[in-house]
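I opened my notebook beside the viewer today and jotted down what I looked up, one topic at a time. Have the sequence and the model at hand as you read along.

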Amino acid sequence: MSRSAHPAGPRHADVFPDGHYSAPAADLNVLDEKVWSRTVRRNDDGVATVAGIEVTRLAEEFGTPAYFLDEADFRARCRAWSDAFGPNADVFYAGKAFLSRAVVRWLTEEGLNLDVCSGGELATALAGGMPPERIAFHGNNKSAEEIERAVSVGVGRIVLDSFQEIVRVAHIAQRLGRRQPVQIRVTVGVEAHTHEFIATAHEDQKFGIALADGQAAEAVRRALKLDGIELIGIHSHIGSQIFDMAGFEVSARRVVQLLAEIRDEHGVELPEIDLGGGLGIAYTSEDDPKEPYDIAKSLLDIVTRECEAARLATPRISVEPGRAIVGPTAFTLYEVGTIKPLEGLRTYVSVDGGMSDNIRTALYNADYSVALVSRRSDAEPMLSRVVGKHCESGDIVVRDAYLPADLAPGDLIAVPATGAYCRSMASNYNHALRPPVVAVKDGEARVVVRRETEEDLLRLDIG
Ligand code: LLP
């Protein structure tokens, strides 16, 4: 295959040669709690339930395809992250993974902060009631309008991504009579992959300002001179879907080293560092993500140790998990349509959605799991490929999975762990109508993002 490897690492790249598949699970009816949101069960009739509601009922009421978001699980994960990091650190949920006003409200209530990376995300954050001082504004090419809005509403920090932006933000803030708190995003030369990382001197990518060649030190020098901005810290984000903490260790060490250099040169100890997001989740039973407590302990220990060695006061630490909070809390429910057994190969199972509601398989070769959820089946496992209804052969939702051989049109199947980067990256390809997001909690289901309609499509098309 010519597709290039996903930055998320080898589990997302072409490491499984054709013809090499894991064995089917001993019992296809088991819903592995590792990949399903916490309130998902299979009831005595064999129907899967979430928050106590049968998926068959959900399909009737809300249609398919649809995303079902387990609110109790989402809130529990928010609490787990903020408890794990404790009162001397801040957790910023990365809104790019999935953002809606309901989610913003849950975050606000659970005491989390929010990372936004566009004017649209900022608007949603504000509309959802997130206090501006708890918002961090990111992006490698923020427009003047976006900066102006962020400064005017008083976001807690803007993360500066380039030399031009240092001046641009300072200028805009000064014009507005503000002194905007900022962090500088540095690229530390760590390429993190799922189960491995590479530490290099340079990074060949568009984000941040390189530590290499004194670039970051020069950015700090310039930022400290400008009145419109107040430099409060250094930011580093090393990748996504990472299980190995060693990359964070190198990153933290390099960021602390920069703090020490800043102190030596300017006599200033910057009070904050942000180590970004990127913590991995289980998409299949083979993935083994770490718990927030272990992640927090290892990050806090590294920073404390490095600061002691550099004789710096430990700065306030922040992190920006997106996927690790919302990813596991949702599944996508589909109805099975046509089924095509290809002799000696696999069975193609077509569903009523596809790459328009989950582009990650086509884009990154990502792995997903799938299960028959509208009934139990003790039929033999059948090697399947779950595909969508788009006019494209790369329209694959689950590349290789086992479904029961008696699968039939009209059955409901569900793909777990679709909370992150599925609805947020959904498209209208082939004029598909983007599915709704339905929040479920304690036996109740409520649409938080409604299904698109043909009127929505035609409203944009002004003829
Ligand atoms: N902070 C910054 C500065 C980021 O750039 C990102 C993700 C995050 C936090 C959150 O990362 P997370 O914890 O969710 O991994 N569309 C890709 C992922 C792109 C992530 C971009 N930045 C995917 O579907 O895998």
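**Entry 1: aromatic rings**

I started with the rings and found Trp36, Phe62, Phe68 and Phe331 linked into a cluster by ring pairs. A word of caution to myself: this is a predicted model. Searching the whole structure, I got seven aromatic pairs. How are the rings of Phe62 and Phe68 placed? Their centres are 6.2 Å apart and their planes stand at 65°, so I logged the pair as edge-to-face, the term for angles over 60 degrees.

**Entry 2: nonpolar cores**

The largest nonpolar core holds 109 residues. Which residues have the most contacts inside it? I listed Phe85, Tyr93, Ile158, Ile184, Ile234 and Ile413. Helix α8, residues 246–266, supplies the largest share of this core, with nine residues. Where does this core lie relative to domain 1 and domain 2? Domain 1 (20–70 + 328–460) and domain 2 (138–321) both contribute residues, so I placed the core between them. I then noted a second, separate core of 24 residues, with Val35, Ile53, Phe62 and Leu412 among them. Phe62 was already on my page, as part of the ring cluster.

**Entry 3: a three-stranded sheet**

I turned to β1, β2 and β3, which form an open sheet in that order with antiparallel pairing. The edge strands are β1 (41–42) and β3 (53–54), each pairing on one side only. Between β1 and β2 (residues 48–50) I found two bridges, in the antiparallel sense. Which residue of β2 stands opposite Arg42? I wrote down Ala48.

**Entry 4: a hairpin**

Lys441 stands opposite Glu444 in β23. Two residues sit between the strands of this hairpin, and I noted that Asp442 takes a positive phi near 45°.

**Entry 5: the database record**

Last, I checked UniProt, where an unreviewed entry lists residues 332–419 as "domain: Orn/DAP/Arg decarboxylase 2 C-terminal". How far apart do the end C-alpha atoms of this span lie? I got 8 Å, and the span is 6% helix and 45% strand.

Note on methods. Residues are numbered from 1 along each chain as its sequence is written. This is a predicted model: local features need pLDDT of at least 70, side-chain atom pairs count only at pLDDT 80 or more; totals for chains, interfaces and linings use all residues. Side-chain values use heavy atoms; hydrogens and water are left out. Two strands pair if DSSP finds at least two bridges between them. Helices (H or I, at least four residues) and strands (E, at least two) are DSSP runs, numbered from the N terminus. A nonpolar core is a set of buried Ala, Val, Leu, Ile, Met, Phe, Trp, Tyr and Cys residues joined through side-chain atoms within 4.5 Å. Buried means under 20% relative accessible area, exposed over 50%, partly exposed in between (1.4 Å probe, protein chains only). Domain bounds come from an automatic or database domain assignment. Rings of Phe, Tyr and Trp (its six-membered ring) pair if their centres lie within 6.5 Å; planes under 30 degrees apart count as stacked, over 60 as edge-to-face and the rest as tilted. UniProt positions are given in the numbering used here, feature names are shortened, and annotations may be inferred rather than shown by experiment.
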